[in-house]
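Me: Please go through the terms applied to this model and show, for each, how the value meets its definition.
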Amino acid sequence: MDSSRSQQPYRNGPTYNFVQPSPAQPASSAPFDFSQGAISTNGCPSSAPGRVPVVSCSENVHISADYNTCSRTAVRKPLPSPCIHPAFPTAPTLAVQTAVTKHLPPVYASRPHSMNESLRSQAPCTLTSPSYPMFEPSSNWQNTEKLYRHQDDLKAAHYGLRSTPSQTPSAYGQQASCFSTFPNSKYEPIAAQHGGVSGIPNTNAQYQLSEPSTLQQDACLSYNHQTGLGLADADYQDGSSPTSLSSSGDSESDGSTTTESPDPAAYDTLEGGTEPVSSGIERPMQKASGASHIATSGWQGHSSLPPGYLNTGSSTPCAPPVQVGPPITNLTGSLTTLGLQDRGVSSGTPGRTKFSGPVNLLQEGSVAPQQPVDLPQVALSHHLRKLNCNPEVMRCTLTAVPQSQALLSKAKLPLGLLLHPFKDLSQLPVITSSVIVRCRTCRTYINPFVTFMDQRRWKCNLCSRLNEVPEEFMFNPVTRNYGEPQKRPEVQNATVEFVAPSEYMLRPPQAAVYLFVLDVTYSAIESGYLQQVCAVLLENLDRLPGDSRTRIGFLTFDGSVHFYKLQQGLTQPHMLVVSDVDDMFLPTPDGLLVNLQENKEIVQELLQALPATVTQLCDTRCAFGPALRAAHLLMAAVGGRVTVFLSQLPSLGVGVLHPREDPNRRSDSQNILHLGPATDFYKRLALECSGQQIAVDLFVLGNQYMDIASLSCLSRYSSGAVYYYPGYHHIHCPIQVKRLRADLHRYLTRKIGFEAVMRIRCTTGLSVHTFHGNLFVRSTDLLSLPNVNPDAGFAVQISVEDSLSNCNTASFQAALLYTSSKGDRRIRVHTLCLPVVTSLSDVYDGADVQAVTCLLANMAVDRAVSSNLSDARAALVNAVHDSLSSFRSTTSNLQQAGLTAPSTLRLFPLYILALLKQTAFRVAISTRLDERVFMMLCIKALPLAHLLPALHPDLFRVDKLSEQPSLMINERIVPQPPMLPLSSQHLHLDGVYLLDSGFELYLWVGRNCSSSFLRDVLGMPNYFSLSPNMSQLPELQSTASQQLQTFIAWLREKRPFYVPLHVIKDDSSERKRILQHMVEDRSESAPTYYDFLVQIQTHVCK
Amino acid sequence: MFVATHNGPQFVCGQAPPGDGPMGQRGTYAIKVIAFDELKTDYKNPIDQCGTLNPLVLRDYCIHGLFCVMFLCASEMLTLVLNLPLLVYHVWRYANRPVMSCHGLYDPTTIMNADILAYCQKESWCKLAFYLLSFFYYLYSMIYVLVSY
């Protein structure tokens, strides 16, 4: 056992006291096996340390060897045409173009105006009032008008969906296109395919629309499908007009909303779990009952059928109360029937109203939800609730804000926001207006929650100041009426985007600049990542977001730093080597960052030749710090994005890191060391980069200890992203190769915002306390984000400083000011409005348990780094203790024996227990330090929706998908099996289960699973012929196979990163990987769910 | 007896370089209090602010350490005992500082956390009060010594 563990660093210790499975699979078959990779970083055959290897027939490299001795001269080797560099074997036939005109487009500041002029002249419709043409420019005049006129038609179309679902996409395509036409003609085919918008006049498109409109994003997002409108965003694309922009989570209460927000894709709230496949889209009716039903079905089902550890005497043949985590062989078929009955009971009462009283957790049994948990309903008027911000963009932990700090501290719940501000949205009103109306005192942007005192004055909802309504604002471009400021899109949408005038620019908007810093040390070449990176980059070179000014550059490093001169006029790329790593300088003033459009051929040539060139180098030293310094020097003038690939610990020059992890202490239960950085070099560099609007994104590929704790500082403070591919090898680890390719594809093509700042404003009396995420806090409420990407999430803690007694609602506004890749300055504003409450029970009723858990996880990460891990774990447990005991004290008249919790916090103990067993916080289970630190980074930097399955995985039974209800999403029928509690009790030997742990999918195949499933889905004649390390399902024609494939594809689409699939046999040693996610069972360091509840109870009742 | 006891403070006041004595330290802390307030009220970039504050930290600690050594030399046990907790706190604080290559305590990436900012501000106020009180105590001691001669 020990030996196998040491060979397989990814395995954890035995998690459960199961009967040892039959023959353990050979270690070498593990997908994450490192032993086979055997990439020795010191195994470089030829090079003596300190010498650059001399490669024959390469004059280029040859010179660099000489010059290793002379210090401050760069070797500039213009590769005379007779001398053929092996990398660039033939002089390319580069069409000689005219000299590079380096001029930037004229005066940026005046752009919107000049654009307006041009648009005005082009706009097909007549502007009756030329002094108010400021709203949506362009041809969109017409479209917008069309949009609003078609609103009723759209509704009709939605109703018609039941009979003709194929209308959906086209309807949405039109909606989306009304506010966002396609910036680039290459996206039009997709658009046309889905929305038929190609007929829309598209002049000046790059200014009018919500830039890389989501269709573009989704086209990129979909790794293996062509669905157009992405599901990740789909539930934001409901009401097309500003009047009906409603967030999907809000409308479950009233049946009347079904007419208002008929979005077929808001699948997570609408599904009651009862419809058969054929009635897939019958949702307008289901919505009201379904959502409330979801909230209670698990509760109800289990109360009627007590599970194994329930104290009440039960005749159901389940495991006795004392036996938790029973051997899997004990599971009988009767449990299967229990499970089925369970569903039967819950589906039998779909119309149940929301249960709101306190819940006795100990009698409740398993509280794990069967359906996605619905959000607590915001106690606002129906009108305001409909206007409120999409909860996927901004979500508050307490949807009822306590009035005073005293009340908040009594509730013992954290108050904070979870933000996903740059999320790809498919329906985003973009407003071009000469005047952006803001409060004169607090600079809040006008939003749906302001009050219009009369026609001429509005009252700010954050500071209560009375402001004048500017003259331009009186004109409503939608209705083209004067004197209706309330109907302006700014006042009708909680999420809007302004095209900012020149007052919002400190300098002309920067061009998109991309620099790639590639590791070409021996171990990197050995891992073969460079071929993949170059290939993906070549494929996506045209899809990099940007305009005609886009610039690109490359840098490689081993023991020295190599620059590539790509300037036009050169026949082939020149490689310039600087080996003076202690004092980095740029070998040539220009030509290193070149215009992509004008120099595309030479860039392509470099990418094609690079993998072959660098195989000649075999330097084992890694001058990472100097390479970063060089990148900083190169980018300092312009700012932009630096993408860094690294596959071994930096060993030369500044920023040297040393292995800090002691492999023998991976399963320590006491203190986990080295969670913080070893050096502040990377942090200081990141801050310097941040000051110059440079973000550094890090791709870590090493198979050794990589000290992510130190390296990640680079990205954390420059608002970058970190990707980690442990054990990457092009032959031995195909899963990681697939992940890298897919992630890189998304990374390169996703939307990007440059030189961004985000400010979060709150109602007077509230103040932002602490920020979480990859960012640098520049002042109390201002975040500096050199780059912002659509996959970044943020969290903030909020404190109540003054009493909110004089206001009924509290508002939060996040304003993100950024430069789009098209070179215009934009402000994306999200506003969230919540009621203020005075009683503790209202605070508890409004608690959003998922947001609370995520915020607590963020805080725990901070605690773990600044103090230690056991402190963080204790703090998490205390959070449950405190909130439940304070709830108990509020309901003292109830005084039950059990452990009561507010119904909104029913899942709180379960989530916290899951968090304690999560990779980031678990102890006593062997966890690699890098893995742990990376998970902590993810907790801080991922948006809530992507993080949730990583905190509490989802388990589905998938061998009988045809019996499950399903939904029609984008013309695909996606089965919706209920989620199962995460306990091995629910894993039956005759079933097949899919576990979605956020970053990985596991398909667990039971030993006695039906042969039809094996045959139809896995393509295997019997269980024994199943390969133990399968990572892909075969494409089979059977219905079962297609259903499962669709389901898996649907799960994957929800995340912007690639989620690999592992097929795990019940009797393989890989089984531990799925069992470690069974959070309701006992693990080495954490109790079962029931024991955990008992612990809490003893603490609470003290 | 009394002369011996109060010799130290007099010695200190006489020897300390102008501006870097207790007065200098009070000045330092006044600067710090102002600086943290500036941060709080959004006037200055945390990187710059930490850059100006960090060099002061070690200087302050060294001066205080020097005082303690001089009190020890002058066998000023009472004064030394009064100063010892602060000395221990300084050592503890500096040992637990964030990973930094330069001297100092304040990390621009964490200083804007409301908790840490409030802690630093409170610390600065407390130390300002302590140095102010000890200044008057030293002054009193010096005058006492002068008068008793």
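Reply: At 49% relative accessibility, Ser75(B) counts as partly exposed, because buried means under 20% relative accessible area, exposed over 50%, and partly exposed in between (1.4 Å probe, protein chains only). This is a predicted model, in which local features need pLDDT of at least 70, side-chain atom pairs count only at pLDDT 80 or more, and totals for chains, interfaces and linings use all residues. Residues are numbered from 1 along each chain as its sequence is written, chains are lettered from A and ligands numbered from 1 in the order in which they are written, and side-chain values use heavy atoms, with hydrogens and water left out.

Me: Where is Ser75(B) placed, and what is its phi near?
Reply: Ser75(B) sits in the loop between H4 and helix H5 (77–95) of chain B; helices (H or I, at least four residues) and strands (E, at least two) are DSSP runs, numbered from the N terminus. Its phi is near 45°, which is a positive value in a residue other than glycine.

Me: What is the phi of Ser464(A), and why is Ser464(A) called partly exposed?
Reply: Ser464(A) is not a glycine, yet its phi is positive, at about 65°. The residue lies in the loop between strand S7 (457–459) and strand S8 (466–468) of chain A. Its relative accessible area is 46%, and therefore Ser464(A) is partly exposed.

Me: What makes Asp680(A) and Arg684(A) a salt bridge?
Reply: The closest N and O atoms of Asp680(A) and Arg684(A) are 3.3 Å apart. A salt bridge is a side-chain nitrogen of Lys or Arg within 4 Å of a carboxyl oxygen of Asp or Glu, so the pair qualifies. Asp680(A) counts as buried, at 6% relative accessibility, whereas Arg684(A) is partly exposed, with a relative accessible area of 34%.

Me: How do you know that Lys127(B) forms a salt bridge with Asp60(B)?
Reply: The closest N and O atoms of Lys127(B) and Asp60(B) are 3.4 Å apart, so the pair meets the criterion for a salt bridge. The pair links distant parts of the chain: Lys127(B) belongs to helix H6 (residues 114–148) of chain B and Asp60(B) to helix H4 (residues 46–73) of chain B, 67 residues apart. Lys127(B) counts as buried at 4% relative accessibility, and Asp60(B) is buried with a relative accessible area of 2%.

Me: Which residues do salt bridges that share partners join into one network, and how many salt bridges does the structure hold?
Reply: Asp424(A), Arg746(A), Arg750(A) and Asp791(A) are joined into one network by salt bridges that share partners. Over all chains, the structure holds 33 salt bridges. One of the salt bridges pairs Arg1071(A) with Asp1066(A), with the closest N and O atoms 3.7 Å apart, and both residues are buried.

Me: How is the packing of H4(B) and H6(B) described, and what is the handedness of their crossing?
Reply: Two packed helices are described by the angle between their axes and the distance between the axes. The axes of H4(B) and H6(B) come within 14 Å and cross at roughly 35°; axes are lines fitted to C-alpha atoms, for helices over the stretch in contact, and angles run from 0 to 180 degrees between N-to-C directions. Their crossing is left-handed. A crossing is left-handed if the near helix is turned anticlockwise from the far one by less than a right angle, and right-handed if clockwise.

Me: Which residues make the contact of H4(B) with H6(B)?
Reply: Contact means heavy atoms within 4.5 Å. Among the residues that meet are Asp60(B), Tyr61(B) and His64(B) in H4(B) and Glu123(B), Lys127(B) and Tyr131(B) in H6(B).

Me: What elements does chain B contain?
Reply: Chain B has six helices and zero strands. Buried residues make up 43% of its 149 residues.
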